[in-house]
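Open the model in your viewer and keep the selection tool at hand. This tour goes stop by stop, telling you what to pick and what is there.

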Amino acid sequence: METVHGARALLGLEVGLILCCVGAAGGCTISVSQPPVLEADDTQGAVTVACSFSIVDCPAGPPSSLWFRFGAHRTETLCVDGCTSEADKFTMRMALAQNQVSLTVNRLTPNDSAIYVCGLAAPSSEDPRAKQAGAGTVLVVRGARGPGTALRGLLAALLALLSVYVVAVLGIFVILTRSKSNTLRNKEKEDSQKKSARRIFQEIAQELYNKRHVRTSQQPEKDNTYENRTALDNYERP
């Protein structure tokens with residue numbers, strides 16, 4: 001963090017020296033403010049660094065604006081020729097009604113992480129206060145594509161495995177349910193068959209018992225008839 005603050009101070013000094021060459025004549029005051037930190041993801045495609053300013057007692061006319069980028073290996077002056085096309089790497093816009101200028105970084109990559117400094121100057125004033133630079137915005141671009149893709153791939157794989165597991169469990173549950181149902185049906189069928197066979201045996205046994213009972217009841221009756229006839233024959237003989 002100390003390195004970042006030192007770099008911002010050094011860059012502010014460099015910007016101040018550059019802006020001294022931009023003004024001309026008069027006396028006015030310009031103040032510039034920027035957000036200290038701006039974080040972005042490279043999947044966003046573009047990010048805009050805002051810069052607000054105020055002008056007091058300056059000659060009429062729009063101020064001149066410059067942007068500077070202090071990277072890890074070099075310092076760059078951006079948009080010297082305007083940068084008004086979105087097809088460019090950088091796009092600079094000025095909204096005088098809102099007292100704002102902005103720098104849009106297009107086709108964002110992690111290499112765009114740097115300190116972006118906004119500088120403004122009143123062209124018609126030689127007053128030192130008419131040339132000011134902001135404290136700088138530390139832009140941090142996170143490369144989410146690599147880890148994000150890997151993480152999304154891992155989550156997709158886990159989701160696929162979970163889906164296979166759920167399908168397998170459901171399949172086993174269905175098979176067990178059907179098997180249990182078939183077992184119950186077979187058992188009920190066997191029990192029904194056993195009951196039917198038992199009922200048939202009982203009916204046969206009952207029929208045999210009835211026939212035997214009839215024969216048993218008819219046999220004494222025949223014996224009595226035979227004895228009565230014998231006694232009658234003996235009685236009738238002289």
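## Starting point: a bridge in strand 7

Select Ser52 and look across to strand 7, where its bridge partner is Gln100. Strands here, like helices, are DSSP runs numbered from the N terminus: at least two residues (E) for a strand, at least four (H or I) for a helix.

Before moving on, note that this is a predicted model, in which local features need pLDDT of at least 70, side-chain atom pairs count only at pLDDT 80 or more, and totals for chains, interfaces and linings use all residues. Residues are numbered from 1 along each chain as its sequence is written, and side-chain values use heavy atoms, with hydrogens and water left out.

## The whole chain

Zoom out. The protein has two helices and 10 strands. Starting at the N terminus, the elements follow the order α-β-β-β-β-β-β-β-β-β-β-α. Color by burial next: 25% of the 238 residues count as buried. Buried means under 20% relative accessible area, exposed means over 50%, and partly exposed lies in between (1.4 Å probe, protein chains only).

The accessible area is about 16,500 Å², and carbon and sulfur atoms own 58% of that. Areas come from the Shrake-Rupley method with a 1.4 Å probe; for residues, only the protein chains shown count as cover.

Now show contacts, meaning heavy atoms within 4.5 Å. Among contacts with a separation of 6 or more, 68% are between residues 24 or more positions apart.

Two strands count as paired if DSSP finds at least two bridges between them. In general, strands of a sheet pair through backbone hydrogen bonds, either parallel or antiparallel.

Begin with strand 1. Five bridges join it to strand 3, and the two run antiparallel. Pick Val32: its partner in strand 3 is Phe53. Which face of strand 1 is covered? Ile30 and Val32 make up the covered face, while Thr29, Ser31 and Ser33 form the uncovered one. In a regular strand the side chains alternate between the two faces of the sheet.

Step to strand 3 (residues 46-56). Seven bridges tie it to strand 7, again antiparallel.

Strand 7 itself spans residues 100-106.

Finish at strand 6 (residues 90-95). Select Met94 to find its partner Val101 in strand 7. Then select Thr91, which is bridged to Thr104 in strand 7. Strands 6 and 7 form a hairpin with four residues between them. In that turn, click Asn99: its phi is positive, about 55°.

## The disulfides

Show the cysteine side chains. The structure holds three disulfides. The cut-off is a pair of cysteine sulfur atoms within 2.5 Å. A disulfide is a covalent bond between the sulfur atoms of two cysteines.

**Stop one: Cys28 and Cys58.** Their S to S distance is 2.3 Å. The link is right-handed, with 90° about the S-S bond. It connects distant parts of the chain, 30 residues apart: Cys28 is in the loop between helix 1 (2-19) and strand 1, and Cys58 is in the loop between strand 3 and strand 4 (64-70). Both cysteines are buried.

**Stop two: Cys51 and Cys118.** Their sulfur atoms lie 2.3 Å apart. The torsion about the S-S bond is about -75°, so this disulfide is left-handed. Cys51 lies in strand 3 and Cys118 in strand 8 (residues 114-121), so the pair ties together parts that are 67 residues apart in sequence. Cys51 is buried, at a relative accessible area of 0%. Cys118 is buried too, also at 0%.

**Stop three: Cys79 and Cys83.** The sulfur atoms are 2.4 Å apart. With -105° about the S-S bond, the link is left-handed. Cys79 and Cys83 are both buried.

Last, number the bonded cysteines in sequence order. The pairing reads 1-3, 2-6, 4-5.
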